[in-house]
Amino acid sequence: PRSRVHTLQSVPSLAASTTMSQGQASEPHTSVRFTTKLEPRWVVSDTPLDLPTRLSRYGLSEVVNHLLGASPARPFDFLLDGELLRGSLGKALAARGLSGESTITLEYIELLAPPQPRGEALVPDWISSLALAAPGSSVASSNPVLSGCYDGAAYLWDASGVQAAALGGGEGAAAVKAVAWLGERPVVASKDGAVRVWAAGGSAGGAAQLSCVGHHAAVACLAAAPAADSLATGGWDRSILLFRPPADGVPAASSEPPPSKRARGGASAVTAAVAPEELAAAAQLCGHTDCVSALAWPTAALLYSASWDGTVREWDAAVGAATATLSSSGKAALCLDVSLSPATVATGHSDHQLRLWDARSRGGAPTGAIPHHGWVSSVAWCGVREHLLVSGCHDGGVRLWDTRSPRVALHSLPRHKGKALCVAWDGADAVVSGGTDGQLRISTLAA
């Protein structure tokens, strides 16, 4: 109704509009209906409003806040046909071949505010990898951040970036290439092919309980099964090995006690005083023709792997057979992560592309590609906000993306001075990153 339009003239973004007269307007308008899935107190009437097509996110947010009578104002983002609105209404209508004569529906959602620094720490060498303890575990409430470092040690951190312990390391220790949590047990893989499992929380004097053996070259990646009853490892020998560590952390006792080892390193390095028990692989998955660079194990049945051979493979973990292959035209796949809702695989590549795949396509083409300015070294989905993911790039950038508008990053987090090598989520509201500058950074997303 025209009276409703006049009421909106108190909105700053509409103040410049000439009030409607004789059914005419001095600038292009379109009819807009607002809808939302937010809680009831943030719901406005779905009566269509006649709004100038020059309005973009900021102006539309002012309109919604005016209708809500919100004080202080709350910023919103807007979805048109499932995509975030970037630019003006007029631009969006033109891109879709729509005229301003029909009513369009805009869904408004919470605007993700710029992340704020929460903690920062410096380690002696490159930070190669990160893993965050599962929410709800005792480790998650104490020292959830596990990082791998090229100085040969893995480090435990609290949620603010304060170091709690070091695992391994010392003179001559091989660079750590990958870390993971097997339930509450830290797992550390090194450039010398070693894969070691520590006691829960990295306790028990820092002694590694198990040594998973079978790789003949550097191990590049790790992934634990959702039930924490199995571990997958991949590396430069082109193979994927599956291990079934016993729940108590120690396999059946051998006839001879393990030989003692002299502890190495200073007081800050926690090293094994006794050689860990060896655990052989339960299965081997073959098919990649180059380094297995990344693994993800999102469900009990399905394991995903990425390789420098340019392929991403889906495996039936129980059978040990590949069930699908995604090809990136020979461009090395450096990292991957899998979102179950929606069923999407995200992969980073050496051709500066972050690719998105429909996990149900069984070998189809990518559903989207997000360009970067260097090798995409790491990617991680937010486990709570289904459209949100973070990427790390060799240009030092750490960026937040919303798959509903992948052309422009939502936010850029503080850059690393060298290459950003690893990223991870701490719950739903914090991002952790590490790089060749030895900086561990934790940033918090405002609600």
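Predicted model: local features only at pLDDT ≥ 70, side-chain atom pairs only at ≥ 80, totals over all residues.
**View 1. Helix H2 and the residue that follows.** Gly69, which comes after H2, has a positive phi near 70°. Helix H2 covers residues 57–68; helices (H or I, at least four residues) and strands (E, at least two) are DSSP runs numbered from the N terminus. Residues are numbered from 1 along each chain as its sequence is written, and side-chain values use heavy atoms, with hydrogens and water left out.

**View 2. The buried residues of H2.** Gly59, Leu60, Ser61, Glu62, Val63, Val64 and Asn65 of H2 are buried (under 20% relative accessible area, 1.4 Å probe, protein chains only). The buried residues of H2 pack against E1, strand E2 (49–52), strand E3 (76–80), helix H3 (89–95) and strand E5 (103–110).

**View 3. His29 in strand E1.** His29 lies in E1, residues 29–35, and is buried at a relative accessible area of 16%. The His29 side chain reaches the backbone oxygen of Glu27 at 2.7 Å. Beyond neighbours within four places in sequence, His29 is in contact (heavy atoms within 4.5 Å) with Asp50, Leu51, Pro52, Thr53 and Gly100.

**View 4. Leu167 in strand E10.** Leu167 belongs to E10, residues 163–168, and is buried at 1% relative accessibility. Leu167 and Ala154 are 13 residues apart in sequence, with C-alpha atoms 5.0 Å apart in space.

Note on methods
Buried < 20%, exposed > 50% of the residue type's maximum accessible area, 1.4 Å probe, protein only. Polar contact = N/O pair within 3.5 Å; in protein donor to acceptor, adjacent residues only side chain to side chain. Expected span 1.5 Å × (residues − 1).
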